[in-house]
Amino acid sequence: MTMKKRLPPSSSPSIRQHFWLGLQLVLSLSVLVCVLALLRINSQSESSASAFSSFGRSSSVQGTPKIAFLFLARFNLPLDFLWHAFFENAEERNYSIYIHSEPGIVFDESTTSSPFFYGRQLRGSVKVAWGESSMVDAERLLLAAALEDPANQRFILISDSCVPLYNFSYIYGYLMSSSKSFVDSFLDKKEKRYNPKMSPAIPKDKWRKGSQWITLVRKHAEVVIADNAIFPAFKRYCRRRSALDPGRKQNIKAVVQKQHDCIPDEHYVQTLLSMSDLEDELERRTLTYTLWNQSSNDKTRQSWHPMTFEYVDASPQHINEIRNINHVYYETEYRTEWCQCNVAFVPCFLFARKFSRGAAIRLLNEGLVGPFDTSALLFSSS
C-alpha cells in the first residue's frame, strides 16, 4: 500500500488575514520612509541652492539679506561724510547701521553730518578702554543688537577711522557670495600672552591671535553672543600689562616677566571659534587693511602701532596698491593665505584704517570709492 504524504492543513482565515495586514503595514511604512527621505533631500537641495540662507536659524530669511555695519566709536564718527557718500549709493533694504559710542552720546544733527547715522547709537553702551575686556563687551553689545533683525546675515566690525575701499555694491557682492566668516586667526607662538591660569577653560592649543576687525556670518555671531564660559575667563585672566612707573626703582625685566600682557580683543573671537571647532568655516584673514609700524625704546620691548593715513598717503597709486594685495603671509605659522571668496581669487581688503579726515576727503575728491564691476568677482575664478 502506497503511503501518501499528508499535506499540512490550510491556514485558518484569521492567520491569513493577520499576515496580509502585517504585510500591508510594512509596505505602507516603507513607502512613507521613502517619501520622507525624498522630501528631506529636496529640502536640502533647495537650501543649498539658496545664495543667502540663514546660518543660525532653521527658517530661511524673509526678504533681502542685509549687512550689519557695526561702528565701534570712541566719541563721534569723524569720517561720517565719507560713509554718507558710501551709503548714498546703497539700497536701504541691503544694510543696517549700529553704533557703539561713549555712554550718553546721541547721534543727531548736532553730532553727525550724515542722516544715515541719526539714532543709530546703542542705548546700553559701556565705557571702553583700549586693551581691556570692555572692548569685547562693546563688540558683543553690537552683535546682540544686530542679531535682533533676522535679515542681518553679515556682521562687519568697523572702527571710527576706517574707510571703504570700494563702493557698496562691490562689498555686498563680495560678502554675500561667501558662506564663511572673515576672521584673522593664527597661532601665537612668539608673544607669551597665554596665561596658564586659563586652563582648563581655555586650552593652550586652542589659543589664537588676530585682528579685532572681523566679519561674521550669522551663525558665528550667535556663537559669540551665546558664550557664557569663555568670555568670563578672558575677563579674569586676559589683561593688558599695567604701565611701568618711570619714577620708581624697579626691576623692569622682572615686572614684565611676571605679568601677561594680554589684549582681549585680539584673541577672544579667534579663540572662541577655535574652541568651537569652526575654523574650517573661516577665511582666516581680516578684510580691513592696517599699516603697522614697529617702534621701541629703552624701557619697553618692541611694539607695533597702526600708522595713520594722511592726505599725502591717500593717493590713487597707494590705494590701488592696497586693493591689489592678494595674499597675506603669517610668519609665525609659515602660512600664506591666498585671498579667496567663493573659490575665486579676490583682493584681500575691502576696508582700511586709520584714516585722517584729510585722507578721507582725498578719497572722495579722487573718486577712489567709486563704481566697480561686481560680476568680475562673482563669476571669475582666477
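Both faces of strand β1 are covered: Lys66, Ala68, Leu70 and Leu72 on one side and Ile67, Phe69 and Phe71 on the other are all buried. Here, buried means under 20% relative accessible area, exposed means over 50%, and partly exposed lies in between, using a 1.4 Å probe and protein chains only. Strands (E, at least two residues) and helices (H or I, at least four) are DSSP runs, numbered from the N terminus. This is a predicted model, in which local features need pLDDT of at least 70, side-chain atom pairs count only at pLDDT 80 or more, and totals for chains, interfaces and linings use all residues. Residues are numbered from 1 along each chain as its sequence is written, and side-chain values use heavy atoms, with hydrogens and water left out.

**The whole protein**
- You will find eleven helices and 15 strands in the protein.
- Of its 382 residues, 44% are buried.
- Contact means heavy atoms within 4.5 Å. Among contacts between residues at least 6 apart in sequence, 77% join residues at least 24 apart.

**Strand β1 and its partners**
- Seven of the seven residues of β1 (residues 66-72) are buried, so this strand is largely enclosed by the rest of the structure.
- Two strands pair if DSSP finds at least two bridges between them.
- β1 runs parallel to β3 (residues 152-159), and seven bridges join the two. Phe71 has Ile158 as its bridge partner in β3.
- β1 also runs parallel to β2, with six bridges between them. In β2, Ile97 stands opposite Phe69.
- From β1 the chain passes through helix α2 (residues 80-88) to β2, making a right-handed β-α-β crossover. Right-handed means that, with the strands pointing away from the viewer, the path from the first strand over the helix to the second runs clockwise.

**Aromatic rings**
- Rings of Phe, Tyr and Trp (its six-membered ring) pair if their centres lie within 6.5 Å; planes under 30 degrees apart count as stacked, over 60 as edge-to-face and the rest as tilted.
- The structure holds 27 aromatic pairs. One of them is Phe69 with Phe87, an edge-to-face pair at 5.2 Å centre to centre and 90 degrees between the planes.
- This pair links distant parts of the chain, as Phe69 sits in strand β1 and Phe87 in helix α2, 18 residues apart. Phe69 and Phe87 are both buried.
- Phe87 also pairs with Phe116: the ring centres are 5.9 Å apart and the planes are at 45 degrees, so the pair is tilted. Phe116 belongs to the loop between β2 and α3 while Phe87 lies in α2, so the pair ties together parts that are 29 residues apart in sequence.
- Phe87 has 0% relative accessibility and therefore counts as buried.
- One aromatic cluster includes Phe69, Phe71, Phe87 and Phe116, with Trp83 and Tyr95 also among its members.

- Tyr98 is found in strand β2 and is buried, with a relative accessible area of 14%.
- The side chains of Tyr98 and Asn152 are joined by a polar contact of 3.0 Å. A polar contact is a pair of N or O atoms within 3.5 Å; within protein, one must be able to donate a hydrogen and the other to accept it, and residues adjacent in sequence count only if both atoms are side-chain atoms.
- Beyond its neighbours within four places in sequence, Tyr98 touches several residues, including Phe69, Phe71, Leu142 and Asn152.
- Ser101 lies in the loop between β2 (95-100) and α3 (134-147). With 4% relative accessibility, Ser101 counts as buried.
- The Ser101 side chain reaches the backbone oxygen of Phe75 at 2.2 Å.

**Helix α3**
- α3 is mostly covered, with eleven of its 14 residues buried. Among them are Met135, Val136, Leu142 and Leu143.
- The expected span of a helix is 1.5 Å times one less than its number of residues. For the 14 residues of α3 this should give 20 Å, and its end C-alpha atoms are 20 Å apart, which agrees.

**A second sheet**
- Three strands form an open sheet in the order β4-β15-β8, with mixed pairing.
- β4 (163-164) and β8 (288-290) stand at the edges, each with a single partner strand, so one side of each is left without a neighbour in the sheet.
- β8 and β15 (residues 351-353) run parallel and are joined by three bridges. Tyr289 has Ala352 as its bridge partner in β15.
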